[in-house]
Amino acid sequence: DHRDLHSFPTRRSSDLSKAKTSLEKNEYNEALNHFLEYVKIEEKENKKDTLNLINAYKNIGGIYSVYQNFAQALDLYEKAYALCQGGLYHQVKFQVLNNMIGANCNLGKWQEAENLNKQIVKMPGVDKGERLFYYYFNKGFIANHTNDCNEKVKWMSLANEVVDKYQLPLKMKAYPYSEMYQCYEKQGGTDQGS
């Protein structure tokens with residue numbers, strides 16, 4: 001029966017489209033509902049739309065992270081990562097891996113984050129500069145658990161050097177600078193010249 005085949009994907013793509021629109025407007029609850037609806041339908045399919053499903057899991061994980069529910073976020077990132085195992089989705093696998101590192105750090109699973117970060121440098125199909133940037137940035141983020149600001153600043157500075165060396169988008173420097181500023185603030189070093 002061809003009618004079912006045509007109406008079903010439409011509902012899936014409608015939920016996905018609504019989810020993306022809501023997410024762009026920072027309407028997280030709305031986006032979450034649509035993504036979850038999409039996932040519920042997509043997971044039942046025999047022939048899955050793998051890339052959209054990976055991205056849906058990644059986005060749901062991101063929404064859970066916004067709400068500080070890092071355990072739930074990590075669970076979704078791991079589902080997305082498991083679907084990336086064909087070698088087809090290098091860039092999205094790279095993004096998911098970085099999200100998993102962040103979630104592990106927020107859960108205090110520092111060794112797991114460190115182990116995942118070792119994969120970042122060897123990631124095929126991803127620009128070398130981008131790999132190095134995130135490797136250094138993640139090292140700095142992982143350094144949070146020792147409260148060693150000098151260590152954190154060292155890694156964040158290396159991340160920013162990579163932006164210049166590999167001519168990556170300058171906006172990538174915002175996160176490392178933000179992390180370094182927090183360190184300087186903690187050490188009372190932001191009063192100079194104010």
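Predicted model: local features only at pLDDT ≥ 70, side-chain atom pairs only at ≥ 80, totals over all residues.
On the α3 side of their contact, pick T50, L53, I54, Y57, K58, I60, G61, G62, Y64 and S65. On the α4 side, pick F70, Q72, A73, L76, Y77, K79, A80 and L83. Colour the contact of α3 with α4 by class: eleven residues are nonpolar, five polar and two charged.

Now show the two axes. Those of α3 and α4 cross at roughly 165° and come within 8 Å. Angles over 145 degrees count as roughly antiparallel, so α3 is roughly antiparallel to α4. The crossing of α3 and α4 is left-handed.

Zoom out to the whole chain. What does it hold besides helices? The count is nine helices and zero strands. Read from the N terminus, the order of elements is α-α-α-α-α-α-α-α-α. The C-alpha trace spans about 70 × 35 × 30 Å along its principal axes.

Next, select residues 128–142 and 149–165. These are helix α7 and helix α8. They pack at about 165°, and their axes lie 7 Å apart. α7 and α8 are therefore roughly antiparallel. Their crossing is left-handed.

Show side chains at this contact. From α7, take G129, L132, F133, Y136, F137, K139, G140 and F141. Facing them from α8 are K152, W155, M156, L158, A159, N160, V162 and V163. The contact of α7 with α8 has eleven nonpolar, three polar and two charged residues.

How far apart are the axes of α7 and α9? They are 11 Å apart, and the packing angle is about 20°. Angles under 35 degrees count as roughly parallel, so α7 and α9 are roughly parallel to each other. α7 passes α9 in a left-handed crossing. F133, F137 and F141 of α7 make the contact with Y175, P176 and E179 of α9. Five residues of the contact of α7 with α9 are nonpolar, none is polar and one is charged.

Which residues lie nearest the centre of the largest pocket? They are N98, N99, Y134, F137 and Y175. The lining of the largest pocket has 26 residues, and the space inside is about 920 Å³.

Colour the lining of the largest pocket by helix. α3 (50–66), α4 (70–83), α5 (90–106), α7 and α9 (174–186) each supply at least two residues. Which helix gives the largest share? α5 does, with eight residues. Then colour the lining of the largest pocket by class: twelve residues are nonpolar, eleven polar and three charged.

A search of the whole structure finds one cavity of 30 Å³ or more. The largest cavity holds about 40 Å³. Select N144, N147, D148, C149, K152, C183 and K186 to see its lining. α8 and α9 each supply at least two residues of this lining. By class, the lining of the largest cavity has two nonpolar, two polar and three charged residues.

Key
Residues numbered from 1 in each chain as written. Heavy atoms only, no water. Axes fitted to C-alpha atoms, helices over the stretch in contact; angles between N-to-C directions. Helix = DSSP H or I, 4+ residues; strand = E, 2+ residues; numbered from the N terminus. Parallel < 35°, antiparallel > 145°, perpendicular 65-115°, else oblique. Left-handed = near helix turned anticlockwise from the far one by under 90°. Contact = heavy atoms within 4.5 Å. Nonpolar A, V, L, I, M, F, W, Y, C, P; charged D, E, K, R; others polar. 1 Å grid on protein atoms, 1.4 Å probe; cavity = no way out; pocket = protein on both sides within 12 Å on 5 of 7 lines; lining within 4 Å. Points joined across faces, edges and corners; volume = space filled by probe spheres on them.
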